[in-house]
Amino acid sequence: MELRKKRTLSTEAALKKLMDRCARAEICISDAKRSLANWGVDHENHDGLIEILVREKFIDENRYAEAYVRDKLNFSRWGVNKIRDALYNKRIPKDIINTAMELVEPEKMRDKLIYDLKRKNSSINDEDPYKKKDKLLKFGISRGYEYELVKGLIETIIKEE
């Protein structure tokens with residue numbers, strides 16, 4: 001089996017490709033750096049390319065973080081812990097994360113969690129109430145919601161049954 005040689009992009013081609021990508025969707029600096037590395041662009045050129053993209057407003061960490069929070073809340077239905085951790089893992093500065101997290105509306109988030117917990121509850125076939133509660137708790141926490149919030153909502157949902 002023959003190994004393929006990794007194709008490398010020139011600095012100019014990589015810049016154009018990143019500009020095209022940024023025009024279609026928000027990306028953060030760490031995503032851009034990862035792409036540059038995957039494309040085989042020399043590491044010494046990364047910072048210069050990123051600087052151009054930031055200066056030309058193709059990349060904006062604040063805009064990225066706000067879009068990320070909105071998308072994960074509305075489409076992925078994640079809780080604040082999971083969103084905050086994901087942004088941190090993308091090397092977004094803490095002050096930008098905190099500002100973006102202000103978009104979270106606790107009541108809407110709570111309502112979505114209730115809906116998701118009820119759906120999950122109806123799909124659990126286990127008759128043992130402790131196992132059922134445990135599965136619901138794991139589900140809610142895995143979505144990134146706080147333990148106390150999930151626990152309290154599960155108690156409410158179980159009482160309504």
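The largest nonpolar core in this predicted model has 30 residues, and those with the most contacts inside it are Val 69, Ile 83, Leu 87, Ile 92 and Leu 117. A nonpolar core here is a set of buried Ala, Val, Leu, Ile, Met, Phe, Trp, Tyr and Cys residues joined through side-chain atoms within 4.5 Å. Helix 4 gives the largest share of this core, five residues. Val 69 touches Ile 83, Leu 87, Ala 100, Met 101, Leu 103 and Val 104, leaving aside residues up to four places away in sequence; contact means heavy atoms within 4.5 Å. Apart from this core lies another, of 14 residues, including Ala 14 and Leu 49.

Residues are numbered from 1 along each chain as its sequence is written. Local features need pLDDT of at least 70, side-chain atom pairs count only at pLDDT 80 or more, totals for chains, interfaces and linings use all residues, and side-chain values use heavy atoms, without hydrogens and water.

In helix 6 (residues 94-101), Ile 96, Ile 97, Ala 100 and Met 101 are buried (under 20% relative accessible area; exposed is over 50%, partly exposed in between, with a 1.4 Å probe and protein chains only). They cover an arc of only 135° around the axis, which puts them on the same side of helix 6. The face turned away from that buried side carries the exposed Lys 94 and Asp 95. Helix 4 (61-76) and helix 5 (80-89) are among what covers the buried residues of helix 6.

The structure also holds 14 salt bridges, each a side-chain nitrogen of Lys or Arg within 4 Å of a carboxyl oxygen of Asp or Glu. One joins Asp 20 to Lys 16, with the closest N and O atoms 3.3 Å apart.

Key. Helices (H or I, at least four residues) and strands (E, at least two) are DSSP runs, numbered from the N terminus. The arc is that of the directions from the helix axis to the C-beta atoms.
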